[in-house]
Structures are given as structure tokens and as C-alpha cells.
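Colleague: I am new to this structure. Please take me through the salt bridges closely, and then through the strands around them.

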Amino acid sequence: MKKLQISVNGKKYIVDVEVLQDDENSIPNFQTGYVAAPTPTISAEASHRPAPQKQVVSNADATQELEAPMNGVVVEILVKPGDSVVAGQLCVSLEVMKMKTNVNSPINAVIKSIEAKVGEQVELGQALLTFE
């Protein structure tokens, strides 16, 4: 048993608490009511593993279509056939559950054709435009 003093709405109480499981890494903070999370440990094997490498996509490996990332309604198309776009450039805006979602080009490319129309309902994976 442990004896603790707690304060509720400014009134102090002394209570006896029965400890069912004593975990030294989990210390209650009676000021905030939060419990500190245990400190993670890293195994020797994991600490010597190399960091994962970012996958770089070249234009030759990239898809030739910009696909809808989710179901939604096309609200704006910001490019036209023949336009050059860079990776990350905003091309299409969708409305998804009353929220605007931007769809950006994944590659540097030239727009070949526009496959969707403003006001059209599109589905996940549907082509919005194609690249040359």
C-alpha cells in the first residue's frame, strides 16, 4: 500500500492506494492526470540497421496518367493539353466530402489530354489527365 495526498477542487485528501502492478517506467502525473509513457528501447540489431532509402521515380518509370486519389467531384482543372508541369504542381482540385483536395503532378511532364470535366464525379484510380 502507498499513501498519497491528492487534491480535488482545492480540497486535499490523504488516500491509501493498493499497488497491483508497479511499473517504474509509468509514473502518474497527478498535476495533469496524464501518465508518462515508457521510454522506448532500441535493440542493438536495430540500431545498426541502415536507414531506409527514399525511392526516386524518374520520368521514364512514372505513370503516364494522373489518377484520382479518392472518389470526388472535379471542381477545377488548372492545366490544359500542351502545358508543361513540374512534379508537385497543382493540376486538379476535387471536392471530397465538402472539402477541397488538391491533386498534384507526380512528375515533370507535358499534358497530353484532359480525361475529366469540371462537375464530373470521379472514382478512386480514375484517370484525370494523361502525360506525354
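Modeller: A salt bridge here is a side-chain nitrogen of Lys or Arg within 4 Å of a carboxyl oxygen of Asp or Glu. This is a predicted model, where local features need pLDDT of at least 70 and side-chain atom pairs count only at pLDDT 80 or more, while totals for chains, interfaces and linings use all residues. Residues are numbered from 1 along each chain as its sequence is written, and side-chain values use heavy atoms, with hydrogens and water left out.

The structure has two salt bridges. One joins D83 to K80, with the closest N and O atoms 3.2 Å apart. The other joins the side chains of E76 and K100, at 3.9 Å from N to O. E76 sits in strand β4 (residues 72-77) and K100 in strand β7 (residues 99-104), so this bridge ties together parts that are 24 residues apart in sequence. A strand is a DSSP run of E, at least two residues in length, and strands are numbered from the N terminus.

How exposed are the two partners? Buried means under 20% relative accessible area, exposed over 50%, and partly exposed in between, with a 1.4 Å probe and protein chains only. E76 is partly exposed, at 33%. K100 is exposed, at 57%.

Now the sheet. Strands of a sheet pair through backbone hydrogen bonds, either parallel or antiparallel. Here, two strands pair if DSSP finds at least two bridges between them. β7 and β4 both belong to an open sheet of four strands, in the order β7-β6-β4-β9, with antiparallel pairing. β7 and β9 (121-122) are the edge strands, each pairing on one side only. β7 runs antiparallel to β6 (residues 90-96), and six bridges join them. Within β7, N102 stands opposite S93.

S105 is buried, with a relative accessibility of 3%. Its contacts (heavy atoms within 4.5 Å) include L66, V85, V86, C91 and F131, leaving out residues up to four places away in sequence.

A last stop is the hairpin of β1 and β2. Strand β1 (residues 2-8) and strand β2 (residues 11-17) run antiparallel, joined by seven bridges. K3 has D16 in β2 as its bridge partner. Two residues lie between the strands of this hairpin, and N9 takes a positive phi near 50°.
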